[in-house]
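Student: Please take a close look at the pockets and cavities of this structure. I am new to it and would like one connected account.

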Amino acid sequence: MKPVEMPTEMRCVEISEHGAPEVLTEVTRAVPVAGHGEILIEVAYAGVNRPDALQRAGAYNPPPGASDLPGLECSGRVAAIGPGVTDWDVGDAVCALLPGGGYAEYVTCPAEHALPVPAGLDLQSAACLPETCFTVWSTMVMRGGLQAGERFLVHGGSSGIGTTAIQIATALGARVFTTAGSPEKCAVCEELGATAINYKTGDFVDVLKAEGGANLVLDMVGGDYIARNIKAMANDARLVFIAFLGGPKAEINFAQVMVKRLTITGATLRPQSDAAKAEIARQLRANVWPMINSGKLRVIHDSSFPMAEAAKAHERMETSQHIGKIVLEVAGG
């Protein structure tokens, strides 16, 4: 294929200083160059995620060597290929997990962290997949060991993580329970296959205990949910933490952990090695992409904002009123 003439500069959104959403500023930077084992993606859409907001606030620094620009996932087309890459061609439609840099017209990433856009999905929908699918599969299945027939509790059911976890767990044959904060959000979770508990009017502990306890809990809340999760768990159950929106500290009774033989663990995705992320990508292609192709997993998209309005996208996310994923329109945005 004839080489594509590349621009030398690109539009992007940087964090001018740590603070509120308005510190997100559109600037011009040099287009990055794909290194060994990397691809350069011309970004169409970039996903907006909680870690972006944490980075903006100064609470989640990029790993060494990563771009300082926010943005942990994107969709687009391969614009250039670095040395050693054989699995992609220029022009391929991809979605990718990024170490950073997604809020830009171009971004590089390891070629093994990119996945083909599933058949029938547009680029906007594809941008909603990587961060949530990588996170859910690696924590719920690879770390949490979810099995068919088990009772699975995921908090924040209407979030990008929650809607993805509900659908994948249901496709795997688990009984899914979730918490959400409004009748509208609960209705969406129910439609996706979960028993939804409005945490403002009900108690997930009572519901799960009546069902025999949760075998696996995926928690992004923390705080006072930590002790309540333990009460809601069955014997030999597992608890996996992926975030602490309610705070990372709690007073818990470890006698319950011992008597119930519980396993408590947690993980963050961004600091993991390139090899670890490549293995997650391989498992997603083998196990989750077929769910998308068969209609068992669909994207729940909340809203899109032009890249220049990244601050508004962050404001939308931080209200917690959204249902599903928020994305930035980069190409032409």
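Tutor: Helices and strands here are DSSP runs, a helix having at least four residues and a strand at least two, and they are numbered from the N terminus. The model is a predicted one.

Start with the largest pocket, which holds about 1100 Å³ of space. Its lining is made up of 47 residues, and those nearest the centre of the pocket are Arg50, Ile161, Met220, Ala243 and Leu245. Two or more lining residues come from each of α1 (50–57), α3 (130–143), α4 (160–171), β9 (175–180), α10 (310–319) and β15 (325–329). The most are given by α1, with six residues. By class, the lining of the largest pocket has 23 nonpolar, 17 polar and seven charged residues.

The second largest pocket has about 420 Å³ of space. Around it are 28 lining residues, with Gly65, Ala66, Ser67, Pro99 and Thr108 nearest its centre. The elements giving two or more residues to this lining are β2 (24–30), β6 (106–110) and α9 (274–294). Of these, β6 gives the most, with five residues. The lining of the second largest pocket splits into 14 nonpolar, nine polar and five charged residues.

Now the cavities. There are two of 30 Å³ or more. The largest cavity has a volume of about 80 Å³, and the residues lining it include Cys128, Cys133, Thr163, Arg298 and Lys325. At least two residues of this lining come from each of α3 and α4, and α4 gives the most, with three. Six of the residues lining the largest cavity are nonpolar, four are polar and two are charged.

The second largest cavity has a volume of about 30 Å³. Its lining consists of Leu72, Leu97, Leu98, Glu131, Leu269, Arg270 and Lys277. Four of those residues are nonpolar and three are charged, with no polar ones.

A disulfide is a covalent bond between the sulfur atoms of two cysteines. The structure holds zero disulfides. Cys133 is buried, at 1% relative accessibility, and its sulfur lies 8.0 Å from the closest cysteine sulfur, that of Cys95, so the two are too far apart for a bond. Cys74 is also buried, at 0% relative accessibility. The closest cysteine sulfur to that of Cys74 is in Cys109, 6.6 Å away, which is too far for a bond.

Notes:
Residues numbered from 1 in each chain as written. Predicted model: local features only at pLDDT ≥ 70, side-chain atom pairs only at ≥ 80, totals over all residues. Heavy atoms only, no water. Disulfide = S-S within 2.5 Å. Buried < 20%, exposed > 50% of the residue type's maximum accessible area, 1.4 Å probe, protein only. 1 Å grid on protein atoms, 1.4 Å probe; cavity = no way out; pocket = protein on both sides within 12 Å on 5 of 7 lines; lining within 4 Å. Points joined across faces, edges and corners; volume = space filled by probe spheres on them. Nonpolar A, V, L, I, M, F, W, Y, C, P; charged D, E, K, R; others polar.
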